[in-house]
Amino acid sequence: MKKKVISFFLAMALGAVSLTGCSSSGSSSTGSQKTENKGTGDTTGQVASTTKEAVASSKGEKKAVTLWYYWETVKHQEILGQEINKFNESQDQLTVEAKYVPFADFKKQLSIGASAAELPDIVIIDGPDHASYASMGIFADLTGKVDVSQYYDGPIASCTLEGKLFGVPFGSNCLSLYYNEDMLKEAGQKVPETWDELKTTAKALTKENVSGFAFSGVQNEEGTFNFMPWLWSTGDDSLAINNENGIKALSFVGDLVKEGCMSKEVINWTQGDVMNQFISGNVAMMINGPWQVPTIRQQAPNLKWNVALIPKDNQFASVLGGENFAIIENKNIDASLEFVKFVTSKDEVKSYIDGFGYIAARRDVADAQFSDDLVMKKFAEQMKYAKPRGPHPSWPEISDAISLAFNQVITETSTPQQAAEEAQSKIDGIIKK
Amino acid sequence: MNRIRKFFQFENIGYLYVLPALLYMMYFVGYPIIRNIVLSLQNVTVKTLNAPVKELIGLNNYLELFRDKIMINSLINTLVFTVACLIVQFMIGFALALFLSRKFASAKMVRGLLMIPWMIPITVTALIFKFIFSTNVGILNQSLMLLKLISAPVDWLTSPGTAMFALVFANIWIGIPFNMILLSTGLTIIPTELYESASIDGANRIQSFFRITLPLLKPTIESVLVLGFIYTFKVFDLVYVMTGGGPVNSTHMLSTYAYKLSFGIFQYSKGAAVANIMFVVLLIVSLFYLKLTYEEEEA
């Protein structure tokens, strides 16, 4: 009997050895060794915690609340860290811990987390994605639990689905026109206010190594974000593109490229790339958001630039960006809500929102913001014309159809008419579902 | 009882040794595969991800995918990409291996240096090539203009026709060292006496290459090609960083399209179906490879 037991354990031990041997030979035959050796770009496993650990409490157990965010700007991370520390020190029941998840992985992590029931307690999420996750049923219904009477309509709409409130807006931003003052002066141009003026100015500014104008046209949400102001400026709605207005917006963007005053490479430029081209003087005017302001001031202190409303066709328009807090539907809801209420309270928002480069989603804070910063004041003015994307649970799919359409036009693989028609049939199919 | 005792006799103990490995494989390899197949037969999107019961819709996802232009394109792209890369990588890798198998002073060092592309993380390589192929600031266009080979900058990464070429080019650069090093190792095991006696018999270089090198190198060549096929077919990071499947979806591979479906527009089931199509292709190639190695071990 004894012998058998020993031989059984021996077998297990040998098995363990053969197991390691097996796994390594297995991976070489499927080829995953290559990716292991080369360190792929996939950062799934590397969720780095960048916020300072909460101050350890000496008074017994505190309840832990976790939060996920994707801000990669150091300044943003610092401000979030400060707010969390402030909250953790203000009471002795809860400890909030923040985790940074890269933007590229955020949706993936959240989707995987949703199906594996391994979610944080709070997420800071991109506005247009809010409805999708709310429709997954992972967010807690906050209707009536938070006072949102002081908020702007756009941000509130982005966290509302079927009349129910599924989040609290954090802060907002929108896109505006940046222009290089020196280049404009040199070419004897004034700041464009309409589409026609934009085109003639951009043409006048275009020289050998300088494109007159640029906006990020990548084929994803970022590109759609930058395209929507053109579509809306015609007076159009995001869900109807195959009409005179939609085709006009597509044609305008396509013509900018065709006539040489915008580089075709914008389809590979993120908003950060566009800003870098602007700073290095390769681009004379660009569309970008207020979060770039601190960076530009820091990296190009000698550059003379300013901000204006995005030139209009029929009406001024911009697109609303920004993040919302959402609370995951779990047993920690009340604890999470306490933190969210703290961070979104009037006094707290007032203390950090300027440094963040955002416009407060609370009207009672935004009104008094940036009294001595003319650039940021311009963004606040542009906010009046900013509309939210969606909100629709399938917005990512709708956005995909729109971004494909303007990419087709920019690369001249389709005419604006064909692109609009194709996008419309996709959007109709999505809405009907 | 007797039967159980009989089973645990000494000659059957081998099964026990295999058991842990079997359990491991079943849990970490078998389960995800089966889960993915089930997922591809359901209709899981944002709205149904957390539903307790998920509707089975049979092969509908697959049928829809085969009517999807982008899907068909990705399949063709992946095959074209794989075959083009494989052929060029193999030829250049083989030529380098032959060259470096000659005994000259710096052969070892050069071989080491040539491994560098293989060791750089793919994301970094992809970013570098993105700069190289950039229309206005890329070094490739600048050089070609200086040499007067082109009169205007070429839109390498921003027009559907040339983006694929740029991807193939970048991947070949990465893949050459892999082919070179495996073929080099294969070459070292061919005894030099064979070449000596062949040259005494009056065989020239070309004859000894076709009569000695190629036949003796056959097993190595087979595994290089099959492994190369599997590696290349699974390409993701390079494409994701360089073009993201664009412009206008023209360079989507099966892997990037599966990712986009699942995590870009939340069509989890369709994404799983694309991944399964990839899996089937690779399974066939792997079985072919196993058969080859099995036959060689037998012989």
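In chain B, helix H2(B) touches helix H14(B) through Ile33(B), Asn36(B), Ile37(B), Leu39(B) and Ser40(B), which meet Tyr268(B), Ser269(B), Ala272(B), Ala273(B), Ala275(B), Asn276(B) and Phe279(B) of H14(B); contact here means heavy atoms within 4.5 Å. Helices (H or I, at least four residues) and strands (E, at least two) are DSSP runs, numbered from the N terminus. Sorted by class, this contact of H2(B) with H14(B) has eight nonpolar, four polar and no charged residues. Ala, Val, Leu, Ile, Met, Phe, Trp, Tyr, Cys and Pro count as nonpolar, Asp, Glu, Lys and Arg as charged, and the others, Gly among them, as polar.

Before going on, please keep in mind that this is a predicted model, in which local features need pLDDT of at least 70 and side-chain atom pairs count only at pLDDT 80 or more, while totals for chains, interfaces and linings use all residues. Residues are numbered from 1 along each chain as its sequence is written, chains are lettered from A and ligands numbered from 1 in the order in which they are written, and side-chain values use heavy atoms, with hydrogens and water left out.

Now for chain A, where helix H10 (residues 244-258) packs with helix H17 (residues 395-410) at an angle of about 40 degrees, their axes 8 Å apart. Axes are lines fitted to C-alpha atoms, for helices over the stretch in contact, and angles run from 0 to 180 degrees between N-to-C directions. H10(A) is therefore oblique to H17(A); angles under 35 degrees count as roughly parallel, over 145 as roughly antiparallel, 65 to 115 as roughly perpendicular and the rest as oblique. On the H10(A) side you will find Leu250(A), Val253(A), Gly254(A) and Val257(A), and on the H17(A) side Ala405(A), Phe406(A), Val409(A) and Ile410(A). Seven of these residues are nonpolar, one is polar and none is charged.

Leading up to H17 of chain A is a loop from strand S13 (386-387), and Pro391(A) lies in that loop. A cis peptide bond, with omega about -15 degrees, links Gly390(A) to Pro391(A).

Stepping back, chain A is assigned domain 1 (63-173 + 321-387) and domain 2 (176-309 + 394-432), with bounds from an automatic or database domain assignment. Their centres, taken over C-alpha atoms, are 28 Å apart. Across the boundary, 17 residues of domain 1 are in contact with 19 residues of domain 2.
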